[in-house]
Amino acid sequence: MKSYYGRQIVKTPVWRPDIPAYLFCGGLAAGSALLAAGADLTRRPALRRSGRLTALGAVAAGAAFLIHDLGRPARFHHMLRVVKPTSPMSIGTWTLTAFGPAAGLAAAAELTGVAPAAGRAAGLAAAGLAPALATYTAVLLADTAVPSWHEAYPQLPFAFAGSALASAAGAGLLAAPTAEAGPARRLAVAGAAMELAASHRLASTLGLTGEPYRSGRAGALLRASQALTAAGIAGAVLGGARRDSRRRRARLVSALSGAALLAAGALTRFGIFAAGVASTKDPRYTVVPQRARLEQSAADAGGGAGGRAPAGSADDERGAVGPGRDQLADDRVARDLPGDEEPA
Amino acid sequence: MAECHPVGFQWVMEAKRRGATVIHIDPRFTRTSALADTYVPIRAGTDIAFLGGVVNYILGNELDFREYVLAYTNAATIVDESYQDTEDLDGLFSGFDPEKGVYDPGSWQYAGHAPDSGDTDADRETARPLRHESHGPPIPAGTERDETLRHPRCVYQILKRHFARYTPEMVERVCGVPREKFLEVCQAWTRNSGRERTSALVYSVGWTQHTVGVQYIRTGAIIQLLLGNVGRPGGGVLALRGHASIQGSTDIPTLFNLLPGYLPMPHHAQHASFSDWVAAIRHPGQKGFWADARAYAVSLLKAYWGDAATAENDYCYGHLPRMTGDHGTYQTVLNMVDGKVKGYFLLGQNPAVGSAHGRAQRLGMANLDWLVVRDLYLVESATFWKDGPEVATGELVPEECRTEVFFLPAASHVEKEGSFTQTQRLLQWREKAVDPPGDCRSELWFVYHLGRIIRQKLAASTLPRDRAVLDLAWDYPVSGQHDEPSATAVLREINGFEVASGEPVSGYTALKDDGSTACGCWIYSGVFAGGVNQAARRRPGAEQSWVAAEWGWAWPMNRRLLYNRASADPSGRPWSPRKAYVWWDAGKGRWTGHDVPDFEADKDPSYRPPLGATGVAAIAGDDPFVMQSDGKGWLYVPTGLIDGPLPTHYEPAESPVANPLYRQQSNPARKTYPRPDNPLDPISAVFPYVFTVSRLTEHHTAGGMSRHLEYLSELQPEMFIEVSPELAAERGLSHLDWAHVVTARAVVEARVMVTDRLTPLRVAGRTIHQIWLPYHWGGAGLSVGDSANDLFGIVLDPNVLIQESKVGTCDLRPGRRPTGPELRRYVDGYLRRAGLRKG
Amino acid sequence: MGVRSWIEGWPVYRQLAGDDPTGRGEAVRSPRTAALTSRTETADSVARSVCPYCAVGCGQRVYVSGGRVTQIEGDPDSPISRGRLCPKGAASKSLVTSPRRQRRVLYRRPYGTDWEELDLATAMDMIADRVLAARAQTWEDVDEQGRPLHRTLGIASLGGATLDNEENYLIKKLFTALGALQIENQARI
Amino acid sequence: MSVAERMGFFTDTSICIGCKACEVACKEWNAIPTDGLDLLGMSFDNTGQLDANTWRHVAFVEQTHDGDLRWLMSSDVCKHCTHAACLDVCPTGSLFRTEFGTVVVQEDICNGCGYCVPACPYGVIDQRQGDGRAWKCTMCYDRIRAGGDGGRAGSGGGLMPACATACPTESIQYGPLDELRDRAARRLEQLHGEGVAQARLYGHDPADGVGGDGAFFLLLDDPEVYGLPPDPVVTTRDLPAMWRRAGLAALAMAAAVVASFVGGSS
């Protein structure tokens, strides 16, 4: 593959850890709002209470992370100048703008006990927005030129939806009494399964752009996430099965599994974020798939045209990386040019 | 050219677009090479061998433009029978005095001419040939000719014999250029020259900064004359000059040996009296316009000393200082080192970085009573006493350095009005945009007010030596809050005026030798013709012909192409319709065309001077070179050069090889300064590599106008050295690591750039590695680094006293150089191993 | 600003009301953007100049606003440069306006270790005194054979080649009258 | 905002002399901070890439073929895509398409969300350290919309962008995009006629993944050799598919919640 001194082509996202933290919080808030609404409708007040409060807390934290990450936080409100269907961030902002007050109202009703009907309406509204809130972030990442995000657009929403559910269920398991935790337990299993399946597909079906999900820091984070998720599922199942004997211990197991699921949710977001970042730093992930696409379309067109250079100009790899007249120069290039270093 | 004159290079690209072939010959593959059709790597310092090969190819194959050569050059002129060529004397011409290292050029004369009775040693000391930038040396008008070119002593035959040994094989041996590549250049050049086509030759300081620099250019001129490429559109030998008004600063010189318009500064022995001086300027019997030089000289003295200059006192000729020898900048700096100079003005110049042998420059400045530095930024020459390299080595201790330093901030080009003369002799006037800030002032302000203050202080003096100061015409109108003198008034004085009326003269032909006109620079006369500042003309290029005669003003007389009479054939018709430029309109009886004819406008091509005619009247109707004393382009130079009538390949003063052409190794007449602090190593194993230096597009000369600017510094942020992959392997250098270069003078360090753009050459049966360094860096500015000019010693071209700073020999080592006192010991170790220092 | 104009200024409103429903053009343009124009258009004056770097002699236009240089760019009228500039020429505004540029006289006394400030008029007077003293100390009237020399070799000058012809003329004229011979410039280099 | 002719850049790298006048002229006009003084060792390229502080970037590539040296130089710039991802994803409306069809960041609007940065398939737009906002080439929006001025006016009536004004060899050409595309096609034909088989246009094709670039190039080697993506696609081309997948996931999410509440006993 040729490149310009091994330098990256697309830019690495300038987002700080605020953004994966927001992704986690947004998912947690969405899942919790759903859980709270379900609990409300099925009369599980403790689960409702934890869900509503978690939703508000998470959405508030998420908004804080978002604003903190802005280059010009004081201009946060510029997000509300426009409604842009082409911008997942714009759509997300408006979703968040609707979700936040709804979640706030529901939580306020919960805490004060005032206007329970309004609280229910708000809670249901939040729950109505929640699936969008949980999944738009996948589109947010995928709608970039970051190879490992963009190519993953079919999987990312499921990973995020599953992760959101598992995290919210985890929070439910942590907070709700065992008696009301049944749905959280089942949701934990369902969400975690969805997340695990999607994560597996990320690493296994994307070809070259799946590589960052398997290697480096992202791979480590995602493997840790999967381990914790598995543990969380096991804990959730176990915590449920033993509900009649040793209740204190079952409560502890539930709580631990809840914590594991929450941690797994966070690790998933940080892992996916890291994989995208890694895929920007090596031009391979940009060039190789595009080259393959061009060659495919050239082959489909039945000729050697397309964007491919005439054979005469096809340089060997080093020619594009840097100058070098002979083997000596090759050594130099191999030793000294930045492109050969491991991406930081 | 793309590197150093990118905007000028647009015209090369324009030509290329129209089908021109671009050939680039350079020791290193540059941005110019990248756009050229053919790139030829060459060993630095061997251009005469290459060009001599081209001359040999032309003559050997009779490819010269014969009609042009016969009519317009001195090819047919017979040379004196006592002349002996380098072919006869193994690299020397007749007349060499090995004791003094100079030639007696008497035997080089045209047949029948009395030998020049000059003192060649004094001529070399005073760089006399520099006078000939505007006009040829004086010789009598009449010459013996053989129009068949068969006479063994005619210039054509001498030339042929002289260059016969410059074969393609020899070119390959000397220059490291494969013969096929060389022949490709010869064929392209000759094919593209003649009646229908012309080729241009472009050079720069890569040619001038050699001990044989003038002869480099001479060789180019010989080729261009042989091919009929002089005085014709698309032809020429074009000097790309590197500073905004460096042409102007030679025309109106701040040079020790010249007065404005290439008039000589008087020499104490040669020009003791006014009449000696005037007689020496021109030959009484010569042809052409230079015969009127007395009018130019008298008018200059009138401009200098006004009413005080009268016929009775020889127009104050006695007020002029007299040369006794070499008073050039390098001699002066060595005198500073020796404590002979008290005070030094640096006016927008940074010799601590820009001049050869930077250490001598700095140590010289450290040994002055006082130094005045005027610049835009705090350049290295202003701060050497504080943070120069010699402070680091301990050779210079601020507390022990007595030099008193005045730094006066200068006005920038937009903060003053005035004219620059650019590379094609074009004067362009700049309007002032804003007042200079703070204490910043123009040089005009500084000099005018310094003169005013000095004249005030001397007002009561009765000392004879102060008369020259007090008599000076120094009353320029001032204006504005800072009393800025009027540059327009100065330009009017430069143009010249009638003393009685004060009216500007129309041109140099209006100047008189009786004191009735004053003129600051005769070649610029006409720039204020009609009382209008012609240099300020700005008729848009799109609204006039391609010659653009109404943009600025070119000397002489707004001619854009010198000697353009040669663009027409002897009968006055264009050589070809494609190449028509100026021609004779028989109907109107006048020369006409696209440019101002460089000829008397009504002189018929058939005009033949009467016997015994001199001056302008002696110029025949087919003598295009009107400033030459025989009206011809000189293939052979019978007088006026210090180091021979024909170019000859000599090795640089420092070279890794013995001269493959002659026993004579280097220019026998080169100007040397043999002293312990200026060691040179003619051929040495200790310094096995050739190094050369030049500029980068992103920086300017010594960096004073670029390394202080963020936007330029970031583009080339650090001093580096380019080496070939082969040399990197030989010396164990890694890309981007440090390495240091050692010469007999200094050691400098730089980051390594390994690049295929440098290539080892096969020379005289062995491999020669060349390295390249940019010379922009120094210790002051945003981007700092060691200075490449520190590496050079001082050895000069004998004709013009320009240093050889494009080639030298060095060693190259990985890693950083030593620091502190160890640094000098390190260099001394090399000197001992090279046998240049004992102990 | 009234509520109505505030709402009309709100891009979302303009998205709905105008021709730019997706908010990627007209609707989202800010008032500042709408008012943008080239600062060369609004300059108080324009000086026609010439680039100070190499000797190609490219034409420059120097735009001035409020007494400050706001832009220097190529003069398209120039038949030499046709409005183009190289990186150095293009950096001319920085050259002239850089904060690194020295704007005050500096003085280093003999054996001094640092710069001191000095008034320009004082500096000029001191320099004139030093010129006269050096000249007096090193004056040579005649050579050993009594031929005139009329000179001093105690004073030297080296000029840059970015000085104007008029400046060089005065430098040569004054120093020649003072008998100073060693007046050189970059052309020797 | 009246719609003017679409203006663009055609950068003919076959006549670029690598002088970097474009980089400096751009910085002087737009008052852009420096990118730092780093010797990169990438031939004569010491700016490295387009970013918030470098809106024109000259790439230098030294190549050896059979002993013959080729030194490619190319002045890169924002492509002003027909379908511009940065513009599409900008949530504030800071980025907008001008009457000239160019894509410009409004510095008074940008809040530094950073979304445009990874969205660009060419890696052009970037957030400026210490400033927080996103910056890139504006094609000198202020200049090109200024009143005409005779000789140097582009056909659009305004001044030419600073880089094209400075470019000594007309490697950077500014003008109506249609005209530039014709000119580029002729130039390509000429070069092919001269035997420069490697010459190819890049970004000229309205059928490519970004709908064609407002700033396109004539290159002498594969785009990736110059640090350009060989087949860039505007990410928002896939946005409908992304939303569909997200919708499915959202449904799955809702279904899972419903199931977990109705599927159990407690």
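Tutor: Helices (H or I, at least four residues) and strands (E, at least two) are DSSP runs, numbered from the N terminus. The model is predicted: local features need pLDDT of at least 70, side-chain atom pairs count only at pLDDT 80 or more, and totals for chains, interfaces and linings use all residues. Residues are numbered from 1 along each chain as its sequence is written, while chains are lettered from A and ligands numbered from 1 in the order in which they are written.

Let's begin with the loop of chain B that runs between strand S18 (553–554) and strand S19 (582–585), where you will find Pro556(B). The peptide bond that joins Trp555(B) to Pro556(B) is cis, with omega at about -5°. The loop between S18 and S19 of chain B also holds Asn558(B). Its phi is near 65°, a positive value in a residue other than glycine.

Now move to another loop of chain B, between helix H14 (293–305) and helix H15 (329–337), and look for Cys316(B). Cys316(B) is not glycine, yet it has a positive phi, near 65°. Cys316(B) is counted as buried because 21 C-beta neighbours lie inside 10 Å.

Chain B also meets chain C. Strand S9 (residues 343–347) of chain B pairs with strand S7 (residues 148–159) of chain C in the parallel sense, over five bridges (a pair needs at least two bridges found by DSSP). Within S7(C), Ile155(C) stands opposite Gly343(B). Taken as a whole, the contact draws 129 residues from chain B and 99 residues from chain C (two residues are in contact if their C-beta atoms, placed from the backbone, lie within 7 Å). On the side of chain C that touches chain B, helix H7 (residues 165–178) of chain C gives the largest share, 13 residues.

Finally, visit chain A. Helix H1 (residues 18–41) of chain A has 24 residues and should span 34 Å at 1.5 Å a residue, which agrees with its end C-alpha atoms being 34 Å apart (the expected span is 1.5 Å times one less than the number of residues). H1(A) is largely enclosed by the rest of the structure, because 22 of its 24 residues are buried. Just after H1(A) comes Arg43(A), with a positive phi of about 55°.

Notes
A residue is buried if 20 or more other C-beta atoms lie within 10 Å of its own, exposed if 12 or fewer, and partly exposed in between; C-beta atoms are placed from the backbone.
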